[in-house]
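Subject: Structure for you to look over

Hello,

Here is the structure I said I would pass on. My notes follow below it.

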Amino acid sequence: MSELSHSNFVRISLINWVLSIPMIVLFAWPYYYAAKLIGMTEIFRYLGAFIFSVPFMITIIHGHVTMALGSPHRDNYYNWLLQHPYSFGLFFNIIMVKTRFRLILLIVSLIFLPVGYLLSF
């Protein structure tokens, strides 16, 4: 079986979908408790924690794809996701794997910490 087959791409995609929710929860806790310590409103805590955890989750999933296929072939997987926008690639955009995008999300979440606190009043 080729590592670039449709069935292998489906398997990798399903594993990534299953792993995404536990990773979001895992990486959201530090932000949630920091926001709770400063007294931020609950909805802003959850929103900020989600934004904070997404770059870490994307990085781990990107690493999983790289380990499963190898760095020369991971672009084939991402192109396959773009060809299946209403199923496996539902929430995927090619910009998500860019380091700049992930750093921007992380910085936005950290800026949101004091802003969310001020909006809580």
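How many nonpolar, polar and charged residues are there in the lining of the largest pocket? The lining has 18 nonpolar, 5 polar and no charged residues. In this count Ala, Val, Leu, Ile, Met, Phe, Trp, Tyr, Cys and Pro are nonpolar, Asp, Glu, Lys and Arg are charged, and the others, Gly among them, are polar.

Before the rest, the basis. This is a predicted model, in which local features need pLDDT of at least 70 and side-chain atom pairs count only at pLDDT 80 or more, while totals for chains, interfaces and linings use all residues. Residues are numbered from 1 along each chain as its sequence is written, and side-chain values use heavy atoms, with hydrogens and water left out.

Overall, the protein has 4 helices and 0 strands (DSSP runs numbered from the N terminus: H or I of at least four residues for helices, E of at least two for strands). The C-alpha trace spans about 55 × 25 × 25 Å along its principal axes. Of the 121 residues, 36% count as buried (under 20% relative accessible area; exposed is over 50%, partly exposed in between; 1.4 Å probe, protein chains only).

Back to the pocket: the largest pocket holds about 500 Å³ of space. A pocket here is an open set of points on a 1 Å grid over the protein atoms alone, where a 1.4 Å probe fits, with protein on both sides within 12 Å along at least five of seven lines; lining residues have an atom within 4 Å of a point. Grid points are joined across faces, edges and corners, and the volume is the space filled by probe spheres set on the points. Of the 23 lining residues, Ser20, Met57, Ile61, Phe91 and Met96 are the closest to the centre of the largest pocket. Helix 1 (6-38), helix 2 (42-69) and helix 3 (74-83) each give two or more residues to this lining, and helix 2 has the largest share, with 7 residues.

Helix 1 and helix 2 also meet each other: their axes come within 6 Å and cross at roughly 145° (lines fitted to C-alpha atoms over the stretch in contact, angles from 0 to 180 degrees between N-to-C directions). Their contact has 21 nonpolar, 6 polar and 3 charged residues.

There is 1 salt bridge (a side-chain nitrogen of Lys or Arg within 4 Å of a carboxyl oxygen of Asp or Glu). Glu42 forms a salt bridge with Arg45, with the closest N and O atoms 3.5 Å apart. Both lie in helix 2, 3 residues apart, about one turn of the helix. Glu42 counts as partly exposed because its relative accessibility is 35%, whereas Arg45, at 10%, counts as buried.

Regards
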